[in-house]
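Dear colleague,

I am handing over the structure we spoke about, together with notes on what was found in it. Please read the notes with the structure open beside you.

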Amino acid sequence: MPDYTVTTSKYGITENLTTLQAHILAQETKFEEATGDFTWILSAISLAGRAIANKVRRARVDDVLGEVGQENVHGEAQQKLDIIANEIIMRCLGDRANVGVLASEEGETPTILRSRSDGGRYCIAFDPLDGSSNLDVSVGVGTIFSVSRNDQEEVDSGEGLILQPGHRQVAAGYILYGSSTVFVVTTGNGVNMFVLDPAIGTFVLVKRHITIPHEQRIYSVNEAYRDNFPKPYQDYLSWAHENGYSSRYIGSMVADVHRTLLKGGVFIYPPTGEHSKGKLRLMYEANPMGMVIEQAGGAATDGKGRILDIEPEGLHQRTPVVLGSAREVEHVQRFLDNGG
Ligand code: FDP
């Protein structure tokens, strides 16, 4: 397929006019059995992303920053924008006739919208506004999503339908609300990046088939918890210090993973004293990010094995995360395998 990503007119104006929807549709038409389902789902996520981006940009003006004064299902302080973003996504995706199950970080259990026989062919897990504790200081935050098939005819519990290992995801990605609004997505055939053009209100393709650098001496971890990390992680950090590594940590997973995807390095959230299984959630953080990173040629492990092969046991299950450039993940893994 010819690359029409950037068009330069005879007047020298460079415009980028391949939209997210057009791109996904073009990909889908390559498959005879394609039904247009993906385009439909991703267009709902794109609509939600544009609406959330608008809310995030206006948060201080509209006075919707700060906590609501209640905790979410994880016992964490809920931000007003967490709730707003969750409602926007539930609404946008709930309207799509092919979505069977929706599961959010903000909800205790998944919502069953319709059974497979009623057209609910997909399950979607999402974190509506990851990193939201950073909102007050205008740090980049993001939405993370994971799409898998709804293979079961019988509706038992929503969890029964959605709890599938990450290698069964058919699409995954994130929207970063940063200095620009960036939509990164994979449908299992490489990773593409779109940026919201605010002038025309749509995501346009800016980079196709992103490849993560194979190695890069950058680690991204909350080093303040170092004394509470298992010893092999501490030993890895000592080794990294001795080997000229640089450190970058924003504390907002989408922003940290996005930088790692584009610039290389390794993002780590190990088990800690407070979170013995790690802090990040498997179903709507580690799995979708793991798929994106693997599709870009990187690696994602929980320290024992591939994140995408973990058999999930609960919607809000946590997991240690080590992901990024293949060579950098190998370095961490070497310390974990040797026990320090
Ligand atoms: P937050 O608590 O602000 O929502 O998963 C939640 C998350 O942010 C990630 O985005 C981020 O990577 C991580 O927590 C940061 O945790 P620490 O503050 O413990 O470093």
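I begin with the pair formed by H2 and H3, whose crossing is right-handed (a crossing is right-handed if the near helix is turned clockwise from the far one by less than a right angle, and left-handed if anticlockwise). This is a predicted model, in which local features need pLDDT of at least 70 and side-chain atom pairs count only at pLDDT 80 or more, whereas totals for chains, interfaces and linings use all residues. Residues are numbered from 1 along each chain as its sequence is written, and side-chain values use heavy atoms, with hydrogens and water left out.

Helix H2 covers residues 37-58 and helix H3 residues 80-94, and the two pack at an angle of about 155° with their axes 9 Å apart. Helices (H or I, at least four residues) and strands (E, at least two) are DSSP runs numbered from the N terminus, while axes are lines fitted to C-alpha atoms, for helices over the stretch in contact, and angles run from 0 to 180 degrees between N-to-C directions. H2 and H3 are therefore roughly antiparallel to each other (the term is used for angles over 145 degrees; under 35 counts as roughly parallel, 65 to 115 as roughly perpendicular and the rest as oblique).

Contact here means heavy atoms within 4.5 Å, and among the H2 residues that meet H3 are Ile41, Ala44, Ile45 and Lys55, with Leu81, Ile84 and Cys92 among their counterparts in H3. By class, this contact of H2 with H3 has 15 nonpolar, no polar and one charged residues (Ala, Val, Leu, Ile, Met, Phe, Trp, Tyr, Cys and Pro count as nonpolar, Asp, Glu, Lys and Arg as charged, and the others, Gly among them, as polar).

Leaving aside residues up to four places away in sequence, Ala97 touches Trp40, Arg114, Gly119 and Gly120.

Turning to the ligand, 15 residues surround it, and the closest are Asp130, Ser133, Tyr249, Met253 and Tyr269 (a residue is near a molecule if one of its heavy atoms lies within 4 Å of it). An oxygen atom of the ligand is 2.5 Å from an N or O atom in the side chain of Ser133, and for the side chain of Tyr269 the corresponding distance is 2.6 Å.

Best regards

Notes. Polar contact = N/O pair within 3.5 Å; in protein donor to acceptor, adjacent residues only side chain to side chain.
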